[in-house]
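Open the model in your viewer and keep the sequence panel beside it. Follow the stops below in order.

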Amino acid sequence: MPEELSRLESVELREIWPDEAQNFTPWLAEEENLTLLGETLGIELEFESQELSVGDFRADILCRDIVDGSRILIENQLERTNHSHLGQILTYAAGLDIHTVIWIAKEFREEHRAALDRLNEITDEHYQYFGIEVKVWQIGDSARAAQFDVVSSPNNWSRSVSRGPELAASKDLSERGARNIKFWTALRKYMDQKNNPLKFPKPGSSNYLDFSIGRAHFTMQPYLVATRREIGIRLYIGGKDAKNATAYFHLLKEQQEKIQNEFSEPLEWDEQAGPIVKRISLRKGDTDPTDETDWPNQHEWFASKLELFDKVFRPRIKALNADDWEPPEYKDDE
């Protein structure tokens with residue numbers, strides 16, 4: 001007898017995200033969900049800000065394209081598209097120097113899909129507009145899964161991006177990915193030769209790696225940004241919810257002076273890295289990660305700073321207890 005198959009069932013979006021601003025936008029701003037959206041579009045997205053004011057309006061999510069550094073606007077709706085949101089994305093695009101607009105909705109009206117198609121026709125290749133329908137699926141009692149469907153895209157996108165394997169094989173991306181693998185592989189070899197104690201993850205084609213730092217929801221991430229001539233290390237601070245991430249961040253920030261003394265150079269403390277993700281970064285500018293002749297210097301910097309990050313933050317992270325932090329409003333009440 002053939003195996004009985006289950007039925008794929010659609011889930012109402014409001015069951016998952018009751019409120020667009022309070023639930024859906026923070027969910028989408030999480031790194032793993034931006035990655036899912038980016039994979040759908042063939043764009044490497046880096047979160048920049050959320051609910052950014054533009055005149056009397058507030059843009060949902062602002063990102064950067066990791067490859068070229070250009071700004072990307074994401075505007076969300078959990079209902080059918082409307083004229084109001086179309087006007088808002090045009091206002092945001094002008095006010096924020098946006099090159100890519102991603103309009104996400106439960107369903108696109110035909111006239112709004114056509115409007116995006118027309119915008120893609122009359123603007124040059126430096127500007128692009130995407131219409132995305134979001135869906136949630138479930139099989140039986142299994143976990144629910146989100147899906148992004150592209151309903152409108154730039155004229156050349158279907159040929160150069162949506163083909164998946166062909167995109168990965170394109171000359172520009174394959175060269176960049178191969179160079180990243182080569183960089184990280186050489187860094188791992190350098191750290192092995194220096195008997196660096198850190199457990200090195202598998203080198204991949206991305207411009208960053210994820211190092212464990214001894215606790216779930218915390219990640220130490222070395223990264224490369226050739227377009228900004230920059231390398232750096234980010235400590236991502238997460239949690240099961242926004243309260244935990246914020247608590248962990250502020251508990252560490254209470255030790256900022258001691259931590260800075262141990263580093264002997266300034267760190268960037270970014271509480272706005274995401275709704276349930278905070279970030280502490282160390283940057284090295286005026287450094288070209290595509291210059292292989294300078295790789296020995298860059299590998300030496302990464303090895304020493306990664307070990308320092310681990311030494312300074314690991315014991316502190318293990319000792320963190322979110323209940324030890326009281327938000328300022330509670331302190332004021334006292």
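Select Gly232 first: the residue opposite it is Arg283, in β12. The model you are looking at is predicted.

Now widen the selection to strand β10, residues 230–237, and strand β12, residues 278–284. The two run antiparallel and are paired by seven bridges.

Stay on β10. Is this strand mostly covered or open? Eight of its eight residues are buried, so it is mostly covered, given that buried means under 20% relative accessible area. Colour the side chains by direction. Glu230, Gly232, Arg234 and Tyr236 point one way. Ile231, Ile233, Leu235 and Ile237 point the other way. Both sets are buried.

β9 and β10 are antiparallel, with eight bridges between them. Pick out Phe218: its bridge partner in β10 is Ile237.

Move on to Asn207. It sits in the loop between α8 (171–193) and β8 (211–212). Is Asn207 buried or exposed? Its relative accessibility is 9%, so Asn207 counts as buried. Show its side chain: it reaches the backbone oxygen of Leu224 at 2.7 Å.

Last stop: Leu41, in helix α3, residues 31–41. Leu41 counts as buried because its relative accessibility is 1%. Select Ile132 as well and draw a C-alpha to C-alpha distance. Leu41 and Ile132 are 91 residues apart in sequence, and 9.7 Å apart in space.

How values were computed. Residues numbered from 1 in each chain as written. Predicted model: local features only at pLDDT ≥ 70, side-chain atom pairs only at ≥ 80, totals over all residues. Heavy atoms only, no water. Helix = DSSP H or I, 4+ residues; strand = E, 2+ residues; numbered from the N terminus. Buried < 20%, exposed > 50% of the residue type's maximum accessible area, 1.4 Å probe, protein only. Polar contact = N/O pair within 3.5 Å; in protein donor to acceptor, adjacent residues only side chain to side chain. Pairing = 2+ DSSP bridges.
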